[in-house]
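Please keep the sequence and the model at hand while reading.

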Amino acid sequence: MLTALLVMTGIALVLGALLGFASIKFKVEGDPLVDKIDAILPQTQCGQCGFPGCRPYATAIAGGEAEINQCPPGGEEGIRKLADLLGREFKPLSEEHGVEKPKSVAVIDEQTCIGCTLCIQACPVDAIVGAAKQLHTIIASECTGCELCLAPCPVDCIVMEPIAETVDTWKWRYPVFEIKAAA
Amino acid sequence: MSETTALRLSARTGTIMVAFTVVFTALMAFTYGATKVQIDAAAADEKMKLISEVLPASSFDNVLLDDFVALGPTPALGLDEGGRIYRARKAGAPAGLLLETVAPDGYSGRIDLIVAVRADGSVSGVRAVTHRETPGLGDYIDPKKDKNKASPWIAQFADIKAADLPGCKVKKDGGQIAYHTGATISARAVTNAVARAARFAADNHDRLFAAQNGEKFAGNP
Amino acid sequence: MDLQAYKDIAWNGVWKQNTGVVQILGLCPILAISTNIVNAVSLGLATIVVMAMSNLVIAALRNFIPYEIRIPVFILIIAALVTVVDLAFNAYLHELYLVLGIFIPLIVTNCIVLARVEAFAAKNEPGGSTVDGIAMGIGLTLVLAVLGAMREVVGSGTLLSGIDMIFPGMQPIVLFGDDYPGFLVAILPPGAFIALGCLIAGRNWIEARKLARAHAAALAAKAAEA
Amino acid sequence: MINSPFVRKSASVQQVMLKVLLALVPGIAAYVWFFGAGILVQLAIASAAALAGEAAMLAIRGKPKALFLTDLSAIVTAWLIALTFPPIVPWWLTVTGTLLAVVVVKQLYGGLGQNPFNPAMAAFCLMIVAYPALMSQWPAAGQLDFGTQLKLIFGGLRDVDAITGATPLDALRTALRGATNPDSPFHGLRASQLQDGPAFGMMGGKGGEWVAFGYLVGGLWLIQQRIITWHIPAAFCGALFVVSGMMWGLHPDGFASPLFHLASGGAMIGAFFILTDPVSGATTARGKLLFAAGAAVLTFVIRAFGAYPDGVAFATLLMNILVPIIDMKTQAPVFGHKKD
Amino acid sequence: MTSYLFVILGAVLVNNVVLVRILGLCPFMGVSKKLETAVGMGAATTFVLTLGCGTSYLVDHYVLMPAGVEYLRTLAFIVIIAAIVQVTELVIQKSSPTLHQVLGIYLPLITTNCAVLGVPLLNVALHHDLLESLLFGFGSSVGFSLALVLFAGIRERLDGADVPTPFKGTAIAMVTAGLMSLAFMGFAGLDKYH
Amino acid sequence: MLRKLFKFHGGVKPQTNKTESTTAPIGQVPLPDRLVIPLHQAVGGHPRPLVAPGDKVFKGQRIGGADGNLSSAVHASTSGIVRDVAPALMPHTSGLEALSVIIEPDGDDAWGQLDTINFRSAAPDEVRDYLRDAGVVGLGGAVFPSYAKLKPGKEGRLKTLVINGAECEPFITCDDLLMRERAPEMLKGIIAMRHMLQAEEVLIGIEDNKPEAVAAVQAAIAASGETGIEAVAIPTRYPAGGAKQLIRVLTGIEVPHGRRSTDFGVQCFNVGTAFSIHEALEFGRPLISRVVTVAGNVNAPRNYDVLIGTPMDHVVRLAGPRADTDRYIMGGPMMGVRLPRFDVPVVKATNCILVGSPALFPAPAPEMPCIRCGECAKACPADLAPFEMYWFSRAKNFGKAQEYHLFDCIECGCCSFVCPSHIPLVDYFRFSKSEIWAREREKEAADAARDRFEFKNYRQEREKQEKAEKLAAKAAATREKVAAEGAAPATDAAAAPAKPKPSVDPAKLALIEAAMEKARQQKAQAAPKNTEVAAPEIQAEMAAIDARREAAGADKPTNAPPAAGA
Ligand SMILES: Cc1cc2nc3c(=O)[nH]c(=O)nc-3n(C[C@H](O)[C@H](O)[C@@H](O)COP(=O)(O)O)c2cc1C
Ligand SMILES: Cc1cc2nc3c(=O)[nH]c(=O)nc-3n(C[C@H](O)[C@H](O)[C@H](O)COP(=O)(O)O)c2cc1C
Ligand SMILES: Cc1cc2nc3c(=O)[nH]c(=O)nc-3n(C[C@H](O)[C@H](O)[C@H](O)COP(=O)(O)O)c2cc1C
Ligand SMILES: Cc1cc2nc3c(=O)[nH]c(=O)nc-3n(C[C@H](O)[C@H](O)[C@H](O)CO)c2cc1C
Ligand code: SF4
Ligand code: SF4
Ligand code: SF4
Ligand code: SF4
Ligand code: FES
């Protein structure tokens, strides 16, 4: 019994010390993974994921605190990329966080806008320009479609308009020649 | 992080590790101590049960497990690590030998056997102690696995007269021992090992019984 | 913790997070030892004991274990417990011990034990942890039993062969008569993999059907409302 | 919606498979001539089982039956199963093997074109592992009449040893191994002496070598028809010849001659019909050479040192495992990136 | 010399840890979705297993056996291996964070990768000497890595296959592993031929 | 002298179907009622409209100005009135509209003023600008602005100028007829190009199934007396006319994807392009018409000289379409574009209007799974493995598809042509490519958004900090003030015990007061002024909108709800 104790104690002492030392020697700081995740997120900054923006969500994913299926603007494609990056299973978009919508931009109704600047403060990407009591305009190419400017507008003059397809942005469709049980 | 804190942390984790180790090793050591007698007894029981299957308990009256010679590596018995031969005596006279034997050429490696040989040189019985033959194919050498419970394959070795020993080969090789088609290798390995063991017993019979208890036996001179 | 919580933990272990067919952990014993149902279930029972004990012990001691050495400590505890169980079986349930042979020490390396300890016991209180260990063990045993039965039936046409080693006198059931040629592959590793694959697919199928039913029910409810 | 190109060559999977079936005919003819018509029964059994299995899976999956049943790929699989299994295996063994091939190895992966393993060879391996005895019984040429064959196929269990003689590959191997074992009746014999037996012909087994020749003829026609390319047959035969020739040259009494290796067992049907399976085999030119040469080496190793009588089937499966990586690593340089 | 070669060959092909001995399956199933990660896991396991075999041999022969406490073998081995794994984990975390994230729960699980304990125990059972132990450990882990990488290759391609829904994912991977294991049975008997 | 020709890998030999349309000479097309001239006809930037509805235009008058550095001008094809400048249906598979100038011809077909240029004396850049404004783009199919291709790579000179007269697509014969009838003019264009590129030799590659064209070109070369120009008959095999394949056949050089052919000392132009360059340089005529083959399901297949903008059905009518016509295809059967309607306009890219019917181009048999037979790889002229690209495109694993060189695919259609499983392989590749492009756009947008978001955060942080500093300063000042006045208020407080909260620290009160004052001030100011980030155009746009709104009504104040004022 005593030998057994001595032997195992010896082993444990050596290993315990070794581990303690290694855990300090190889301590890691920072997390480059967050950048990689953030690079996948669509940067809409809409907060639908439940975090105050894309990067906080990325940090949460990297820390294992959030699922990968909480970003509706990123859509299935985004989830798939995250699953790939992190080696996790793909799962469909979580319903409580919203649904994937066609890409839209916000448009301010010129006639109604009162120039209150509330939307400017709301817009996370500075896509709205204008000064107080002046008409505000949305730079369509910079609007991410996050809809954050809709709620603050006191006169409800902002609407979301789906981005129209042009010959330049037109995409070839998936060739579906799905052979069903018809034959 | 300074050297000293690193060291202190190492010391702390080391201490906790040691504490756990001590507690749980103690638990194990205690259990080991508490169960050792029981385990040894159970193992001996098991061994005796096996022995009684190949050598009827009525045919000897000594404490078989305590009466043996030790063998070094003995190629004739397939033993590359050594083993034991137990001696059965009835009223002090030689009644039979129980040989630990290995058939090295089983389909999936070695097959550990015990072979009981009576004083007159006839084989009394054989059991496979451990083997890894293919389940459902080669494992019929083990009576527990043999589908034919009524007359298991291994029972063919019960009572082979000394004179019949040259026929201790599988039929395919021109002998008497039947085998299962498609799994000749297992049968051949066991059969050949039994024949070798019986020959060894016959060749060394007298010297084996003459040897001191527990003596290291040198094999054929 | 209320009753519902325990129930959830139990259901989680047995079905939702079943080790063998959902978490895909603890596969080695599942595949290696399921050649027949008796071996399979015996090992399953031993695993339940080990899992319950290790979860209990570690949940109770969790606050004393520093993070950096948690894994070695967990393993130390599990290995010690397994050895204790092994020795105890050897001494007092010798017949059963012989049937299980090396399978009990193998529990040490069964990653599901460590996975549960890490994922559950290290973060929860002892009561729930014990239930979790037992439920996970039952889930594993179920998979083992089904797989063992499948492989035994297909492979050799019998059920419960070897039962006499636990209950002397009982005879295995011969299903297809003595002429059944057997299907050796089922008992060998390839059969193990394929059978488990089918089992996983079976569970997927049941889940999918349940989901589809729930969906249909929801739709119907909506339609009724409208 | 149809986009360009609007014109297409008239080619179809069905045509491809039909040509493969036709190319098997010379070999089958020789088979029937030397070994009797039992093989035709096996071909029919396997074809029926394959179609049934395929139809069932298609029905379950809701895929168009007419389209996929007529693509003939299942029939190719079935014929290759029948031709590589011994001709006198019981019917249930053929059926089980074929069903496993079609249902597990092919349809579980999504059916035609998606299976990573060769269905016919997977069936062969499954069956030889499960029934090593039944799967090793090859009658000698002219040994059994049609009636006996039918009885064997449909007659349930039987005492196999009484009917079959030693088959060339198996017999030679057992003998060669026995030659070094003092316990064996073959002790001290040499390969050349062993090959004098009545079961052996000029190069391989008696009769069997003509079957192999039939496969060769059909295979060459397939190359001419551009269904398969020369790479796989050439690399397989070449590598098998070289490897077995080397061992034979070093040790003429311990190994069979390279010609014997080429003419026996599954070598020819393997080289032209099995390894060439486009679905489970390598696809790039260099990949094909590597794939087939690897298969040849494995075939030789398994034949000479392994536990099973023929290595073609296992070698095929083993190389199938390597295919994704071979294909990935042997991509030919694309236009403009060639080094020449 | 040849016997050493046979130790390696036997461990890599004939008695492949994963496909024939059925050890180490959880990482085999879990880390084989991408070729890249499979290679990483293979490398990590090879390192741990080879080192573990050597260390456990030394501890067994110079500590446990002289002290007569062989019944502590399992415990001692697994604790040593756990420590090696932990150190490896820390090193990987430092040197390749993505690999670390991807290997996720599997790195600590190398500890309970049955193979990592099974192989040292097999070394004891097979009475290997130090060199043999190391070679056997190395061979087994190469066998593990080989199976893992090849499996990952197939699984990457399977991604595009129209597998029946219930079989999608792990189920068809199991079937694939089964067929790989079947193929490896072709090596049966090779290790006995010398 | 027989030139050594090289081979390219792969390729197919579909039925050529060319003879019917070569029997008659190039025909003329009566003026249609309406011309629809899309502004964006060539690769590169979108030309801006230079005319407004109601304007009168002459034939050859510029109506769209080149915009950006890879754009080329667009011209009125005849004289008439601009009816509209509006989106109109494009000859494009998408069925989408694009900005077009719609002209009602006045029937005079009167040329406007035409300037010419002497390419030998003018500076090369001048000539290039001239060609850009003449709207000359590649007529071989890619419609790449020709001026941009007329730069001799880094060395300042070129080894070989390849002229593409291969015309490998079935049915199309426009280049064939052009070479037969207009070889001397074409040759003059070639000489001009050769001069601009400083090319040593010129090789005109013509498939050997067009012996008349070869003869005509050779005759023209002989007549011109030029040396170093050679018409070479090359083996007929689709796609021998692909620029890369033709360069390979004639010179043995393989130009990799993503590299310029001038880096390898070669450049390639279509014969029609050469002819247009001659027209532009010699007569000042911009590119307003081209030779178009009308073939397929028509009674009299033939080539026509067609004004850009002419509705296709107007041209096809001349060739007598058969009753079962169900579609038009722009281009040949291998690479042609399925058109959304019959009346889409002829554009510069229209080399052929292929009239289709279910009988002529039957729907392919059902798509079967790929059996990896490798036929497609054998046929691929780009040495790709189409089945691998297909496998991963189908699984939407675009990364993998790109690893197999998806973007080296020239969409020639050979793979789909030979596939025994009838898989529309090219469709999968087009799908993948456009998905990848879309993703790149999204990624760029996301990166831009991230930058802007970070900038905004930074700005807010900075503002907050500034505000805090100011506030702190002010608070300190107030505190001092209060402290200075300390005594008086204290007695005040004592004198008024009725005050409900005597314990309130007067200093604090003062602070609150100060803060409220500041808030009031801030509200008066323009709070978060965000105009400094706006680009000048946007400022201008805002100003314009403001002006419009001002004009729209005086209801602005009433429209303002109280919230805004608060
Ligand atoms: C994979 C495969 C394995 C085969 N194995 C054997 C075999 O082990 N023994 C055999 O005699 N024939 C075998 N054959 C069949 C032979 O090719 C031949 O068809 C058969 O008639 C036997 O001919 P033989 O007498 O030359 O062996 C096999 C065929 C294949 C495709
Ligand atoms: C998977 C597999 C397992 C086998 N297991 C055994 C076995 O355990 N014992 C045995 O004798 N033969 C076994 N064999 C069969 C041998 O390989 C060999 O074919 C056979 O022993 C020859 O016997 P026969 O001469 O009766 O045909 C097995 C074969 C296979 C395919
Ligand atoms: C598959 C394929 C086939 C082509 N065939 C021809 C052809 O037959 N004639 C031709 O002039 N251009 C053809 N082209 C276009 C050429 O690649 C190239 O764009 C053109 O010759 C360049 O000349 P351009 O700029 O004057 O149009 C083809 C392109 C591809 C991708
Ligand atoms: C040249 C050629 C060889 C083939 N060889 C096989 C074969 O060895 N085994 C098989 O099951 N199917 C074979 N097939 C049929 C078919 O490709 C096979 O069943 C697919 O694996 C099914 O997906 C072959 C087909 C062709 C065209
Ligand atoms: S939901 Fe997506 S886009 Fe919106 S903030 Fe979260 S991560 Fe960004
Ligand atoms: S303008 Fe509105 S919708 Fe667009 S980015 Fe800004 S807040 Fe979001
Ligand atoms: S031609 Fe068609 S079937 Fe053949 S490999 Fe290419 S895509 Fe697959
Ligand atoms: S379309 Fe692309 S992949 Fe197909 S043959 Fe042409 S170049 Fe090759
Ligand atoms: S049980 Fe063996 S690795 Fe998980």
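Over which ring does the charged end of F:R430 sit? In this predicted model, the ring is that of A:W172, and the charged end of F:R430 is 4.8 Å from its centre. A second case lies within chain F, as the table shows.

| Charged residue | Ring | Distance to ring centre |
|---|---|---|
| F:R430 | A:W172 | 4.8 Å |
| F:R237 | F:F8 | 4.4 Å |

Turning to ring pairs, the count over all chains comes to 31 aromatic pairs. One of them joins A:Y174 and F:Y428, whose ring centres are 5.8 Å apart and whose planes stand at 90 degrees, an angle over 60, so the pair is classed as edge-to-face. This pair crosses between chains, since A:Y174 belongs to the segment after β4 (158-162) of chain A, while F:Y428 belongs to helix α12 (residues 425-484) of chain F. A:Y174 is partly exposed, with a relative accessible area of 26%, whereas F:Y428 is buried, at 3%. Both tyrosines belong to one aromatic cluster, together with F:Y390, F:F398 and F:F431.

Ligand 5 has 13 residues around it, of which A:C46, A:G47, A:C49, A:C54 and A:C71 come nearest; by class, its shell holds eight nonpolar and five polar residues, and no charged ones.

For chain C, an unreviewed UniProt entry annotates residues 37-61, 73-92, 98-117, 129-150 and 180-201 as "transmembrane region". In the model, residues 37-61 of chain C are 100% helix, with end C-alpha atoms 36 Å apart, and residues 129-150 of chain C are likewise 100% helix, with end C-alpha atoms 31 Å apart.

Methods. Residues are numbered from 1 along each chain as its sequence is written. Chains are lettered from A and ligands numbered from 1 in the order in which they are written. This is a predicted model: local features need pLDDT of at least 70, side-chain atom pairs count only at pLDDT 80 or more; totals for chains, interfaces and linings use all residues. Side-chain values use heavy atoms; hydrogens and water are left out. A residue is near a molecule or strand if one of its heavy atoms lies within 4 Å of it. Ala, Val, Leu, Ile, Met, Phe, Trp, Tyr, Cys and Pro count as nonpolar, Asp, Glu, Lys and Arg as charged, and the others, Gly among them, as polar. UniProt positions are given in the numbering used here, feature names are shortened, and annotations may be inferred rather than shown by experiment. Helices (H or I, at least four residues) and strands (E, at least two) are DSSP runs, numbered from the N terminus. Rings of Phe, Tyr and Trp (its six-membered ring) pair if their centres lie within 6.5 Å; planes under 30 degrees apart count as stacked, over 60 as edge-to-face and the rest as tilted. Buried means under 20% relative accessible area, exposed over 50%, partly exposed in between (1.4 Å probe, protein chains only). A charge sits over a ring if NZ of Lys or CZ of Arg is within 6 Å of the ring centre and within 35 degrees of the ring normal.
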